[in-house]
Structures are given as structure tokens and as C-alpha cells.
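This briefing is meant for someone meeting the structure for the first time.

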Amino acid sequence: MSPQELAEAIIPATADTRRRPPVWRFLKGHPQAAIGAAILIVFALIAILGPWIAPYGPREQVGPIFGTPSNPHPLGLDDAGIDILSLLIHGARITLIVGFTGALVAVLVGGTIGIISGYFGGRLDNLLMRVTDYFLVLPDLVLLIVVASIWGRSLRNIIIIIGLVYWTFMARLIRSQVKVVRERAYVKRAQALGASHLRIILRHVLPQVLPLILAQTVLMVALAIFLETAISFLGLGDPNAPSWGRMIENGFDRSAISYGAWWAIVPPGLAVAIVIMAFNMLGTAAEDALNPRLKVSHLLRRHFRMRPLPDKDAAR
Amino acid sequence: MSEPLLEIEDLVVGYRQGRKGVVQAVDGVSLAVAAGAMVALVGESGCGKTTTAQAAMRMAPIASGRIRYRGADITALGSRALRPIRRELQLIFQDPYESLDPRFRVRDTVLEPLQIHGIADDREGRMRRALERAGLTPPELYLDRYPHELSGGQRQRVSIAAALALEPTMLLADEPVSMLDVSVRAGILGLLDDLRRDGLGVLMITHDLSTAARYADRICVMYLGRIVEEGPTAEVIGDPRHPYTQALLSVVPRPDPDDAGEPRILRGETPNPADVPTGCRFHPRCPVAQDRCRTDDPVLAPAGAAGHRAACPYA
Amino acid sequence: MSALAVEDLHVWFDLPGGRELHAVQGIDLALEPGERLGLVGESGCGKTTAILAMMGLLPPSASVAGRVLLAGGDILAGGDRTMRPHRWTDIAMVFQGAMNAFDPVRTVGDQIAEPLERAGLAAGRAARTRTAELLELVGISGERQDRYPHEFSGGMRQRAAIAMALACEPKVLLADEPTTALDVMVQAQILELLVRLTDELGLAMVLVTHDLPLVSQACTHAAVMYAGRIAETGTTRELHHAPLHPYTRMLFEATPDLRGTDAVRSIPGAPPRLDEPTVGCPFQPRCDRAFGPCATTRPPRRTTEPGHLTHCHLEGGA
Ligand SMILES: Nc1ncnc2c1ncn2[C@@H]1O[C@H](COP(=O)(O)OP(=O)(O)OP(=O)(O)O)[C@@H](O)[C@H]1O
Ligand SMILES: Nc1ncnc2c1ncn2[C@@H]1O[C@H](COP(=O)(O)OP(=O)(O)OP(=O)(O)O)[C@@H](O)[C@H]1O
Ligand code: SF4
Ligand code: SF4
Ligand SMILES: [Mg+2]
Ligand SMILES: [Mg+2]
């Protein structure tokens, strides 16, 4: 054993590392989650501080059409002479908001239905799952074209579409977890005590499935951003909200490619890809850490500490 | 003896298994527990003891039969109507590793029944007294711990404390002391014995025949969903009639390492309720089975002293 | 060479508020192959903690000191790193609480096969066959491997847990109350099985239980623990017929015997708190033979026969 290994084995961890919150331990044990989280923090800051850090406004013409990247405009200009970097910064806010709220709608609707369905079971479960199946077989694309053309092109409608497309997935997943938790003896014990369904759901079932819901929400945001980009790319996005998807669509629409203006398309495309990747890294790591299916507690690695033997005289 | 508190009559419980069909985990069990009595339910694991107790709490799918509490039929009551009964009828779950919510501290687990039944006065005091009565002294040492920070016996005592917090009139105790050592066990059973003297009815499920012999008034022996022998404790222990009871008693380990006794260990797999043998359900493992046993299904019939019954014509 | 030896093992748990609970306070044990040691003691005295330490399965709030020797080599020294290669393949454990070891969303067979697959001993069809064999070994039909844990009775899950521990054919088996969830008949079958396995395979076994008659019938040796320490170790005969420590004697006296006529005598009082240091003999407040030095001086380790050890001031037996 090398001296270093020996030291590692013997030196007792200091008190504060023992009491570190689980989030910290999770990030430490899953480097890809830490990277994902770091990227997201950067983008979140950009989105929040957007109006203050963007050099120009999102509608402000500051130079020639498809001006090439140069000193005051490192990412060039678009078809209306607007600074791409500024657009990108303003778009971060819209894209992330749509992603988050879309995912939230899906999680709230899907989660509620999943919990009710899984917890009560029986006929209610059958009914709800039948409804879910209908939504599941509806082709996403058709759904979104229909909704966008009937209700019009607005951010709110895009959020609703995202919710409509993804809640079924969430509902099924949560339902299957809740069905397992419902059979646990401690839930039975609460029932035997005469606890109301609401109480059992809120105090015993939800805390057990919440980590999974959180992990899935993170993954869902990635999907929502992707869907928003796709919707915008199809020309169904909100014309007044310059999201990254709208930027890409705009670039193609105004034949940026034939102008050779790659800078109108690549930066927003890259931004979408990086953010989706970051959400995925964080989400899969969280899922891996939290999904009971993937873990058998007694086979897990343990992190107990070694310490030197106590002083004989003190101990005996 | 007074009026029966809890009566179970001809109970049949079927669990659905796969798409194929139903497993009859309990198949025609009748028993009654009076106020101030302790009835022990013993039998092979998987024979349906837990299912019987859970059905009495209306927590298992009852296929037929009646459950009566204080004379009133509760077999078909809705959950709202059951609530007041669930305050008086408490179940201590078999497995303290599963039946304590891993996210609840000891404090919250014991407080929960009081919250559910809206008992507001002196909650904290009631909770502490319940823990002390269950032998977790001083309570402060345990209040803020999670179940995984307790030993097996300590978890079991938390379960017991939670059940006693509501001061029930009828207790269904499913292996309440299996993880406790002899001295703590004696303390808990002594407590139940005292409560029983004050009118508590106890149905105690246990594997420990020595405990049953010491504390119960009556013993019911179950085998594969049925009661095969029942009677006053001294009768069942001193003069067992059913061959299964006899075998069961013979394998209780003895404290002296030099005295092994003559254990009659039954061979064969634990019988499967999905596949009940014809005739006497014990016949494939019965050391004294006769030809008729393969076809005739015996019923409980008086055997030995008064109140002692066994389901074996050769008893 | 001992199959398993434990030297001066200590375990502490962090408690909220920076306090500590000294759950295991320096225990020594040694087991030869084929030996069965019953580890008995009051609830909360540290039995489970001690064997979890031997398996290296303690949680992050625990710290450990001492040595755990497997066939002569210390496997505890490097913490999890040195434990992992031996866990389940050389030293295995049956957990206290049958259901505890099983994941409710996976079939029982799937979970029994897991240690096999991890150790690379069998996979796929071979693992299924082996799983069926293991289940049959503990008296459950092999076809039942596709069932979920909640479809098993408590006793069946416990037997499945034993099957899982035996999957990789370990040389040392630590069984934590393996039969508490079982009826006496199945208990007798399981003990017969464990005795057979130790005799035939030379398996060394530690059987944690609070049931003294069980130890008397199934074990060759016994260790009595009290408040995190060993009160007395020896053969089961020595402990039953000639106990050296009053706690051992009082435990036997407190054990109800189905056939016996003697009234049981329970042990008054409660074990000491483990989060505060004790002075003198930890059993002193409850001991019926306590005398002069007991309250102030830690009892020394004494031995009468080879292998029969006690920590008690009394000379000449309890
Ligand atoms: N939820 C369930 N679904 C399907 N089968 C079940 C369910 N619960 C129990 N069973 C089956 O019913 C039978 C009786 O189980 P029960 O738990 O009542 O036995 P028990 O007598 O309490 O056994 P033990 O002493 O081992 O706890 C067993 O064969 C078991 O497999
Ligand atoms: N994770 C933990 N954190 C704090 N204290 C703990 C933890 N685990 C166990 N303890 C305490 O350590 C002591 C020893 O516990 P252990 O589980 O080893 O007891 P045991 O002898 O196995 O008892 P039982 O027979 O009841 O299972 C107990 O007082 C328990 O409360
Ligand atoms: S009826 Fe026959 S098989 Fe059944 S217990 Fe009696 S002798 Fe045995
Ligand atoms: S040292 Fe004294 S108090 Fe302790 S067990 Fe021996 S006699 Fe009793
Ligand atoms: Mg049971
Ligand atoms: Mg234990």
C-alpha cells in the first residue's frame, strides 16, 4: 500500500465533509452532472442578465445586411442588420422560459394524472390510461400544426403544445412508480391508521417519487427546448419572440446560406445543442442516482470512514 | 369472558395472481377475540396469518365471510365510516423494516396517528409516553432519528409506540416482538398483558410458541389458509391433537445444548396456496396420513378437553 | 488459520449536533472453518453494526477502527477498496429484516442473480438455472423466481435472502437474525440447512440472534454482547452450564422454555446509553452480583479454559 493510499484510508474526514448536503455528494459522484449544471448556470445567468449584458437591442439595426463577424459584432449581423450576439443573448431568455414552462406544464399535468391513476388504480386508472393512450398515438407533428394554425402563433400556444405532447410520457412513468410505492407496507400502515388519500399522497407517496419527477423534469426541459426549436423551424413560432429556434428559421428563410452567412444559423444551432446536452447530462445522472430500478441498496458502494484505534487507556 | 370485540367469520381472502386466477391465501377462517383476551395465531410462514389480520382491518381483498367489530358488521363499510373504527383497532405491522416510512423521523411516525385522528391536546406528551412505554427511554435519544439509524428491535418498538399512541381497544399485533431480545420482549409483553387486564383485546400473530404459551389465553394454529387446531393455551401446548401442531411443538429449540429433544422436521416445500392438495391439506406432509386423508377434507371438531378443537379425524 | 477473525473492532455513528454514538466498542472474535458462532445480546447492543462493519457496508455517518481478517489478511484496512473484492464472494451476509434486501420493482430471481452476474460467475440462462437451484436449496420452488417480493410471504422472502447470500458460494456467512421472520418449522429446516452447509462446505458462520435456545441447538460457539462489548465468549456448552458473566446467566434465566416449569426472570433496568462514556462495568446497574470494584473499574479480560473469555470482576463463575 502506498503512503498516499494509507493516508487516504486512515485520515478521518473532517466534520464538514461528513455533513455536506446530498446535492454536493451527487455532483461529486457524477462529474457529467457537474459539467451539465455548470453550463446551465452560465446560460441561466445570460438569460437573466440578458437585457443588461446584450450590446444591442433585439430589433436594433446596427450595420449592413448579413454583415460579417468583425470587431464590434463578433458573431456578425443578420438579414436585418441586427447583431447576432445580442439576438442570441435575448433569445436565451425566451428559449429557456419556453423550455421550462413547457416542461412544467407537462410535469404538472402528467404528474397529477400519473399519481391519481397509480394511487387509486382500478376503473379510474383504466379510464385515465385510455385517455393517455389516445394522446400517445396522436402524431406530435399533426397535433402541433393543428393547434398552431387554429389558435395562432404565440409563445403561450407553444408552451401548451409542448405540454400536450409530453404529459403522456410523464403520466405513464409516474404511474408505474406510484403503483410500486402504493404497495409498500408504510403506505398500508397509513391506510390502516385511517389517513385520508390526500394525506397519504402528499406525505408518503409524493416524497418518494419526487426525486424521480425532478430528474425527469430536467430531461423534459431538454425535450421542450428541442420541440420549441422544431416548431419555430417549421415557421409556427411566435413571430414577435426571437427565440433561438426563430433565429435559425429566420436564417434559412432569408436564404442566409446562399449569402454564405453561416453566422446567422450556426451560433443559435450550437446554443440549442449545448443547452440540450447540458440538461441531458444533468438529467441522466440524476435519474441514475435516483431511479430505484437501477439500484440495489445492499450492493452499493459504501462510504464509511476509517479512523485510528482509540487510546487504550481512555477506552478501557 | 365478555362480549367478543372482534369476530372473524368464515373469512376467505383471494389475491389475484397474474392473469390466471386467484390465490386463496385465507380459506374459511373463523376466530373471535374478546375484550381483555389475548389470542395467539401461530402457523407456518405463508399460511395466511398476516392476510387474516389485514383482512380484519379491511386491508385485504375479502372474497367472502364477515368481520364484526363490537358486534357491528364492518365487512362492507366505506373508508369514511371505517375511520372511527381505525382509531380503536390498531395493527402492528410484521416487518419494521418496511412499515416505517424511511423519510419519517421517529417523532413523526409516532405523531402521525394522533394527527390523523385530530387529537390535539398534549400530543407531544402522548408521543413521549408511548415511546417510553415501548421501552425507548429516554425518548430524546430517538426522537430525531430516521428508521435507518435504529436497530431492528428499536424499529419494532417505534411501531409498537405508534400503535399504542392512540390507546386502542383492540390490537392486532403481527409478530410484534420478533426482533426483541428476551428482556425487552418480556417488558413489552408485560405491558400488553397489563393493557389486556384493563380491557384491551389482542390478536397476536407469532412464531414464538414459548411466548404464545406464556401470554395467550387461546392458541389458534393455522395451516395453509385454515385453522387446524384451536383451544385454551394449556390444552394446545400440553395436549396437541393435530399432527401439524405436534410437529410444530417438537421443533421448538431447547435452551440446553445437550438436550436436542426429538425434533420432527417436516420435509417438503412450504405449501403453495395456489395449489392446495385435495382432501386434508396437510396430507402430503403428514407423518400419520391414512388413505382417506387424500380425499376427505376434515373440519374442526371437538378433541380433548372442552373448547379444544382439531381438524383431524385421527386426532 | 481462522476463516474470520475480528480484532478490536470499533464503530462510531455521528449523531445530530456533533455528538457520537459508540455502537461497537472493541470486540474480538475468531472463527475456524466449519464453526458456527452465535452472537447474542440485547436489542441495540451493536450486533448488526458489528457484522455490517465486517462486510464493509456501513453508511457514511459511520467511522470504523480495528481489523477484520479473512484467512489471515486484513480486509478492513483500505475501507471499501479492500472490502469490495471479498464482499459476496468470500464473505456474505443475510440481512436483518427479510424485505429489506429486496427491491420491490424487480423479480426475486432477478435480484438473486445479481451478485452472480456482478461476480461474473453466471449470466443469462445459466444464472436463471443457478437461481432456481438456489431457491430450491432454501425450499422454494424454482419456478417462483419470476415473482415479485410482495407476492412472497415474509418467510419466503427471508429464505430468498439466504439464497442470495449463498449465491457466490462464500466461505464466511454472516446471518443477521435469519430466522426471526420464520415459523419454528421453517426455522428448523433453515438451521438444518445452515448446519449442513457449514459441515459440508467448511463454511464459517456468524449467527446473530436474540434467541438463546436457537444458539444452543445450532451453534458450536457463542459470544454474548452487551452495550457494544463482548461480555463472554466460549462454547455453547460452557455458556449454558458454566457461565462466567452474570449477564449470560441472567439471559438464560430470562428465556422462556416451552417445557420448563421455571418462571422466567426478566432483567430489570435498561442498557446504558451508547452516546456517553461509561465508567466501570457497563452492566453494573443491572447486575445481581455487582460488588466493590464494579462501579469504578473496567472489568479485565479473564479466561478459565482456552477460548472461554469474559470481561467481569467475578472470579469463579457467575
Ligand atoms: N399482495 C399479495 N399478492 C399476492 N399474493 C400474496 C399477497 N400477499 C400475500 N400473498 C400470498 O398469500 C399467502 C399468505 O401470505 P401471508 O403474508 O398472509 O402469510 P403469513 O402467514 O403472514 O406468513 P409469514 O409468517 O411468513 O409472515 C402467501 O402464499 C403469499 O405468497
Ligand atoms: N446509522 C445509525 N446512526 C446512528 N445510530 C445508529 C445507526 N445505526 C445503528 N445505530 C445505533 O447503534 C446501536 C447498535 O445498533 P445495532 O443495529 O447494531 O443493534 P443490534 O444489536 O443489531 O440490535 P437489534 O437486535 O435490535 O437488531 C443502537 O443503539 C442503534 O440505535
Ligand atoms: S386428516 Fe389425515 S393427513 Fe390430515 S392431519 Fe389428520 S391424519 Fe394427517
Ligand atoms: S464486573 Fe461486576 S457488575 Fe460487571 S458483570 Fe461482573 S459482577 Fe456484574
Ligand atoms: Mg406474516
Ligand atoms: Mg440488529
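Predicted model: local features only at pLDDT ≥ 70, side-chain atom pairs only at ≥ 80, totals over all residues.

**Chain B and its neighbours**

Between chain B and chain A, 13 residue pairs are found in polar contact across the interface, with both residues of each pair at pLDDT 80 or more.

**Chain B against chain A**

- On the side of chain B that touches chain A, helix H2 (79–88) and helix H3 (106–116) of chain B are the elements that give two or more residues, and H3(B) gives the most, with five residues.
- Sorted by class, that side of chain B, the one touching chain A, holds ten nonpolar, five polar and six charged residues.
- The contact draws on 21 residues from chain B and 18 residues from chain A, and the two chains bury about 1,900 Å² between them, with 52% of this area on carbon and sulfur atoms.
- Three salt bridges are found across the interface of chain B and chain A, and a salt bridge joins Glu112(B) to Arg189(A), where the closest N and O atoms are 3.9 Å apart.

**Helix H3 of chain B**

- H3(B) is mostly covered, since eight of its eleven residues count as buried, and these are Val106(B), Thr109(B), Val110(B), Leu111(B), Glu112(B), Pro113(B), Leu114(B) and Ile116(B).
- The buried residues of H3(B) pack against helix H9 (185–192) and helix H10 (197–233) of chain A, and also against H2, helix H4 (123–133), helix H5 (140–143) and H6 of chain B.
- Just after H3(B), Gly118(B) has a positive phi of about 60 degrees.

**Chain B against chain C**

- Here 57 residues from chain B and 56 residues from chain C take part in the contact, and the area buried between the two chains is about 4,700 Å², of which 56% comes from carbon and sulfur atoms.
- Val182(B), Pro255(B) and Pro257(B) supply 14% of the area that chain B buries against chain C, which is more than any other three residues supply.
- The interface of chain B and chain C has 14 residue pairs in polar contact, both residues being at pLDDT 80 or more.
- Helix H6 (152–164), helix H7 (182–197), helix H8 (209–215) and helix H10 (243–250) of chain B each supply at least two residues to the side of chain B that touches chain C, and by class that side has 24 nonpolar, 17 polar and 16 charged residues.
- The count of salt bridges between chain B and chain C is one; in this pair, the side chains of Asp258(B) and Arg237(C) meet at 2.3 Å, N to O.
- Asp258(B) lies in the loop between H10 and strand E11 (301–302) of chain B, while Arg237(C) lies in helix H8 (residues 236–241) of chain C, so the pair joins two chains.
- Asp258(B) is partly exposed, with a relative accessible area of 44%, and Arg237(C) is also partly exposed, at 48%.

**Charged pairs within chain B**

- Arg128(B) and Glu140(B) form a salt bridge whose closest N and O atoms are 2.4 Å apart, and the pair links distant parts of the chain, with Arg128(B) in helix H4 and Glu140(B) in helix H5 of chain B, twelve residues apart.
- Arg128(B) is partly exposed at 25% relative accessible area, and Glu140(B) is partly exposed at 49%.

Definitions and conventions. Residues numbered from 1 in each chain as written. Chains lettered and ligands numbered in written order. Heavy atoms only, no water. Contact = heavy atoms within 4.5 Å. Buried area = accessible area lost by both parts, 1.4 Å probe. Salt bridge = Lys/Arg side-chain N within 4 Å of Asp/Glu carboxyl O. Polar contact = N/O pair within 3.5 Å; in protein donor to acceptor, adjacent residues only side chain to side chain. Helix = DSSP H or I, 4+ residues; strand = E, 2+ residues; numbered from the N terminus. Nonpolar A, V, L, I, M, F, W, Y, C, P; charged D, E, K, R; others polar. Buried < 20%, exposed > 50% of the residue type's maximum accessible area, 1.4 Å probe, protein only.
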